[in-house]
Amino acid sequence: MAGVADIVFVDGWIFSAPQDAPVRADVAVADSRIMAVGAAEDIAALVGENTDVVPLTGRLLLPGFQDAHIHPVAGGIELLQCDLTGAKDAEDCLRLIADYARAHPHAEWIMGAGWSMEFFAGGTPTRDLLDAVIPGRPVALMNRDHHGMWVNSRALGLAGVTAETPDPIDGRIERTQGGEPSGTLHEGAMDLVGRFAPSATGDLADRGLLRAQEYLHSFGVTSWQDALLGSGLGMEDSTMTYLDAVARGELTMRTVAAIWWERGRGLEQLPEIIDRRARIRDADPSGHFRASAVKIMVDGVPENFTAAMSQPYRDAHGDVTENLGLSFIDPEDLKVCVTALDAAGFQVHFHALGDRAVSESLDAIEAAREANGDLGNRHHLAHLQVVGMRDIPRFAELGTIANMQMLWAAHARQLDELNVPFLAPELVERYYPFGDLARARAQLCAGSDWPVSSPDPIAAIHVGVNRISEGSVERPLGEQQQLSLAAAVTAYTWGSAVVNRQEHETGKIAVGYLADLAVLDRNFFDLPAEDIHLTSVLRTYSAGSLVYRRGDESPDVFTGHQ
């Protein structure tokens with residue numbers, strides 16, 4: 001351990017896979033990497049005149065969190081636009097929209113996102129509500145899960161969307177009894193209006209990426225997998241946004257990007273995807289920004305009856321319908337596409353919410369393995385709202401990673417009012433079966449899907465452990481699916497590093513690893529499970545550089561126990 005450290009963390013706890021609990025140890029960092037982990041007297045020998053000594057005084061040091069499913073540029077842009085995530089009800093949404101329009105009188109369009117479906121009857125707000133507050137300018141606002149868009153009459157008129165406009169194959173126009181578009185567009189129908197809206201590119205996208213990076217660092221996040229690189233779901237292609245940030249030396253977030261698979265096309269797009277991967281690799285040979293994954297959206301979401309289920313949806317009266325949801329790609333075509341992507345060395349990042357979508361995704365991975373052998377591409381399925389019992393062991397058998405959005409695994413108005421009543425009761429019993437997957441030895445990773453939901457890993461970990469949201473008085477959503485705190489933290493650090501092929505560089509506190517680190521304000525392993533959410537991040541380091549310091553941190557914040 002010869003040498004002098006740039007930073008040492010002393011008198012604290014550290015947690016790192018494969019531990020089951022934190023241990024007392026000091027940590028030394030030099031030249032962006034961890035140079036030593038050990039006893040206080042050993043680390044003290046590495047302290048020099050210019051060493052930054054950080055006394056943790058009983059706090060917890062973690063590897064930086066890694067978000068394995070996120071839309072950062074879109075999220076950052078939305079923070080700069082009409083942000084409705086803080087709205088409490090429909091009236092509050094309309095107030096925020098009107099306030100934003102008044103504050104931006106020269107904006108050609110009013111753009112934004114974040115409204116909650118449960119604020120509106122059937123989860124589908126009408127254009128009349130928007131017309132009443134903004135009649136003259138087009139308005140296009142994505143909902144919180146980004147599978148629906150609320151538009152006004154002006155936007156529909158500019159896009160030429162009328163009663164005669166057919167539903168696209170991958171979406172639906174919400175209509176009045178007379179057949180006129182009522183103001184909500186689902187899934188692929190969002191593009192009918194979205195293609196006429198101003199592009200979220202250039203300076204706005206650049207500012208959005210940097211704002212997202214700053215925001216995620218405040219939650220201790222140091223790496224992410226961008227779950228949609230390309231043009232889809234109302235999002236613009238952010239390839240050049242990332243590359244420009246790399247060229248300016250401003251991208252501090254280690255980034256893997258999943259290139260969007262256009263579901264209206266087939267294998268003819270594969271050469272373009274291969275070329276995009278190569279161009280990005282040539283532009284950033286350091287690999288700080290890599291496009292080594294491909295995103296395939298297999299189905300939709302239950303709230304608009306597009307998640308692919310094995311059993312039919314119910315109607316508002318509880319009667320069984322004929323609707324099983326949508327498979328956006330024919331299952332046999334999916335096998336062909338995944339096999340080709342696997343052979344080309346891509347990791348496939350699946351959106352799979354319904355149990356039929358999960359089965360179809362695993363079938364495609366199985367077909368790829370039969371054709372190509374095990375190429376170790378670490379395919380993963382995100383969301384996993386419902387998983388059939390027969391598919392639980394297949395994750396480990398096929399080397400497929402379960403990408404959890406733990407924050408969703410709790411009762412909430414949208415789940416209980418727009419979801420549960422419309423699914424077969426036996427499917428509801430299978431919601432977010434993370435405990436079953438862990439017991440079946442599936443590799444787990446974690447992500448937020450921000451801006452769909454909060455990017456705070458600690459809030460997500462709280463739900464993963466408790467199956468209850470912070471402050472909720474609801475019953476747990478399936479107590480048998482609870483994770484241990486160690487398992488939840490490992491998924492959000494080491495597990496996501498495995499997905500991102502960074503497990504030899506990040507995701508652990510170990511000698512030689514990059515000093516991507518998060519300092520928490522307390523050791524949440526010592527807290528009652530129901531108090532995990534009280535924890536927050538004090539500092540975040542990327543490769544040993546301080547990229548976030550909590551605003552209220554004073555010179556003596558690292559004195560005394562918390």
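**Reading the features**

Reply: The buried residues of helix H2 are Pro72, Val73, Ala74, Gly75, Gly76, Ile77 and Glu78. Buried means under 20% relative accessible area, exposed means over 50%, and partly exposed is what falls in between (1.4 Å probe, protein chains only). Helices (H or I, at least four residues) and strands (E, at least two) are DSSP runs, numbered from the N terminus. This is a predicted model, in which local features need pLDDT of at least 70 and side-chain atom pairs count only at pLDDT 80 or more, while totals for chains, interfaces and linings use all residues. Residues are numbered from 1 along each chain as its sequence is written, and side-chain values use heavy atoms, with hydrogens and water left out.

Me: What covers the buried residues of H2?

Reply: Look for contacts, meaning heavy atoms within 4.5 Å. H2 spans residues 72–80 and is mostly covered, with seven of its nine residues buried. Among the elements that cover those residues are strand E8 (65–70), strand E10 (110–115), helix H7 (202–217) and strand E15 (221–229).

Me: How do I read a nonpolar core, and how many residues has the largest one?

Reply: A nonpolar core is a set of buried Ala, Val, Leu, Ile, Met, Phe, Trp, Tyr and Cys residues joined through side-chain atoms within 4.5 Å. The largest one here has 98 residues, and Ile296, Leu381 and Phe524 are among those with the most contacts inside it. Leaving aside residues up to four places away in sequence, Ile296 touches Trp261, Ile329, Leu334, Val338, Leu341, Val348, His349, Phe350 and His351. A second, separate core has 24 residues, including Phe9 and Val498.

Me: What about sheets: in what order do the eight strands lie?

Reply: Strands of a sheet pair through backbone hydrogen bonds, either parallel or antiparallel. The criterion used here is that DSSP finds at least two bridges between the two strands. The eight strands form an open sheet in the order E8-E15-E16-E17-E18-E19-E20-E21, with parallel pairing. E8 and strand E21 (444–446) stand at the edges with a single partner strand each, so one side of each has no neighbour in the sheet. Direction ignored, neighbouring strands of this sheet are turned by 25° against each other on average.

Me: Which helix lies across E8, E15, E18, E19, E20 and E21?

Reply: Helix H17 (residues 485–499) does, running at about 105° to E21. For such angles, axes are lines fitted to C-alpha atoms, for helices over the stretch in contact, and the angles run from 0 to 180 degrees between N-to-C directions.

Me: How many salt bridges does a search of the whole structure find?

Reply: Side chains of opposite charge can pair when their charged atoms come close. A salt bridge is a side-chain nitrogen of Lys or Arg within 4 Å of a carboxyl oxygen of Asp or Glu. The search finds 30 of them. One joins Arg207 and Asp203, at 3.0 Å from N to O. These two are four residues apart in helix H7, which means about one helical turn separates them.

Me: Which distant parts of the chain does the pair of Glu366 and Arg394 link?

Reply: The closest N and O atoms of Glu366 and Arg394 are 3.0 Å apart. Glu366 is in helix H11 (residues 355–372) and Arg394 in helix H12 (residues 392–397), 28 residues apart. Glu366 is partly exposed at 34% relative accessibility, whereas Arg394 is buried at 6%. Another salt bridge joins Asp391 and Arg390, with the closest N and O atoms 3.3 Å apart. Through shared partners, Asp363, Glu366, Arg390, Asp391 and Arg394 make up one network.
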